[in-house]
Amino acid sequence: MYIRLTAMIFGDNFYPKKIKHKLNTTLIIDDIFNVGDRKPYSNLEEWEYGCLELIHFPNEFSKEGYDEEYEESFIIFLEKNYDLLFKAGAEDFRIMIDVYCSCSEQCNFEIFDKEKLFRLAKYHISLPISIYQENN
């Protein structure tokens, strides 16, 4: 089983391009756009919200099984950057969890133990999860 985490931050008045150079993180930007930026492949449509998405560097995916360092890097990102992001207009914080497993029947796992969840809770963060079954 492998996990891919993506920090996703949104806001109706969020301009992440203005603060990207101030971010204190080892994560790397996967996607970024400001409110009002043109949508790709469209000369007329603009984004109605700003977005910043970050992934782990150097490993986009976790090690197989439990990977404490991988999870910790996302928590540290929020702890170091939440105030900066909030002041820049961010209002919706998520860590997208993509799980890739080769289980044929049951797949049990834990992501963010109770101590890590406690640390994340103060940021009012959502943890959406997608699970994908891998074929050998």
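## Exercises on a predicted model

E53 is buried (under 20% relative accessible area, with exposed over 50% and partly exposed in between; 1.4 Å probe, protein chains only), yet E53 has no salt bridge, and R4, the nearest side chain of opposite charge, is 6.7 Å away. This is a predicted model in which local features need pLDDT of at least 70 and side-chain atom pairs count only at pLDDT 80 or more, while totals for chains, interfaces and linings use all residues. Residues are numbered from 1 along each chain as its sequence is written, and side-chain values use heavy atoms, with hydrogens and water left out.

**Exercise 1.** Place E53 in the fold and state which residues E53 touches.

*Solution.* Step 1: a salt bridge is a side-chain nitrogen of Lys or Arg within 4 Å of a carboxyl oxygen of Asp or Glu. Lys and Arg count as positive, Asp and Glu as negative, and His and the chain ends are not counted. Step 2: E53 belongs to strand 3 (residues 50–55); helices (H or I, at least four residues) and strands (E, at least two) are DSSP runs numbered from the N terminus. Step 3: leaving aside residues up to four places away in sequence, E53 touches T6, A7, M8, I28, I29, D30 and D31, where contact means heavy atoms within 4.5 Å.

**Exercise 2.** Describe the largest nonpolar core.

*Solution.* Step 1: a nonpolar core is a set of buried Ala, Val, Leu, Ile, Met, Phe, Trp, Tyr and Cys residues joined through side-chain atoms within 4.5 Å. Step 2: the largest one has 29 residues, and I9, F77 and L85 touch the most other members. Step 3: strand 1, strand 3, helix 1 (68–87) and strand 4 (92–101) each supply at least two residues of this core. Helix 1 gives the most, with seven residues. Step 4: another core, of six residues, lies apart from it and includes M8, F10, F33 and M96.
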